[in-house]
Amino acid sequence: MKALILAAGFGSRLAPLTDTIPKSLVPVNGKPILFKQIENLYENGITDITVISGYRANMLEAAVHDCFRDVNIIESVDYRDTNNMYSAYLAREAMAGEPFLMMNADVFMDASVIESLLHFSGENAIVTDIGFYLEESMKVIEKDGRITHISKQIPQAEALGASIDVYRFSAEGGAAFFRKCAEFIEEKGEKKLWSEVALDAILDEVAFEACPLNGRWFEIDNHDDLAAAERIFADE
C-alpha cells in the first residue's frame, strides 16, 4: 500500500503563520500537520509515501527529509494556478498499478483513522464522519451501501456524513481516478478543480464505500480551526 499526501496549497487564512512556512508545516501543539500524517502512516506500516509540494517547496522538502528521508516529494511548480486535483494528477505515475491512500495535508488526525481504513472491507473507500455535517466539508450520499455522490453542496438532509479527506483506492479505482483527472486537466483545461470532482465523476464506474471514522480529526483552514485542533489533541 502506498500513500499520497497533497500539500501544495498556500493556507492564506492561516497568515501570518503561512507567510513564512507551508500550511502543512503549521504545528498543532508543536507537531506539524504533515509530520503527524506521515507518522500515522509509518505506524500502520505504510512507508512508500509521496508528498506533493508547492508553496515554499524547498522549505517543505528540507523539513520532511530532515526527519523522513525516504519520503518522495514531487513539486507542483504551477501551484499558484491549480488546485488539489492537479496535485493528485502529478502523482499518477508514482501511484500507477498500486493500491494507495490519498489525503489532504491540512487534516490532523489519530493513527487509528488509518488503521481502520486499512482493515475496512471495501477496496475503495472514503473515511466518513457519519452524522457529522459542516458547510465547508465535503459530504457524501450513500445508497444501498455505496457512495453515490461527494460534494460540498450536499444538503444536510441527504448527507450520510462528512468526508475527512482521506481516501482509499484500489489499483483499478486509482487508474479510473487518474484517467478522470487527465480528462479534466488535459482535455478540458480545468486545473483549478478539487480532486473530489474527479472522484465524484467515477462513482458510477467504481464502487466506493463509507469507512466509518474511528478516532479524532480536524481540518485546519484558519486560526479558529488551529485553536480547536490544539484543544482536541491536547494530549499529543
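Start by selecting lysine 139 and tyrosine 133: the charged end of the lysine sits over the tyrosine ring, 4.9 Å from its centre. Here "over" asks for NZ of Lys or CZ of Arg within 6 Å of the ring centre and within 35 degrees of the ring normal. Next, pick arginine 92, whose charged end sits over the ring of tyrosine 89 at 3.8 Å from its centre.

A word on what you have open: this is a predicted model, where local features need pLDDT of at least 70 and side-chain atom pairs count only at pLDDT 80 or more, while totals for chains, interfaces and linings use all residues. Residues are numbered from 1 along each chain as its sequence is written, and side-chain values use heavy atoms, leaving out hydrogens and water.

Now for the rings. The structure holds 13 aromatic pairs (Phe, Tyr or Trp rings, the six-membered one for Trp, with centres within 6.5 Å; planes under 30 degrees apart are stacked, over 60 edge-to-face, the rest tilted). Select phenylalanine 35 and phenylalanine 68, an edge-to-face pair at 5.3 Å centre to centre and 85 degrees between the planes. Phenylalanine 35 belongs to helix 1 (residues 33-43) and phenylalanine 68 to the loop between helix 2 (57-67) and strand 5 (72-75), so the pair ties together parts 33 residues apart in sequence. Helices (H or I, at least four residues) and strands (E, at least two) are DSSP runs, numbered from the N terminus.

Move on to phenylalanine 108 and phenylalanine 233: their ring centres are 4.9 Å apart with planes at 75 degrees, so this pair is edge-to-face.

Finally, select Phe100, Phe169, Phe177, Phe178 and Phe208, which ring pairs link into a cluster.
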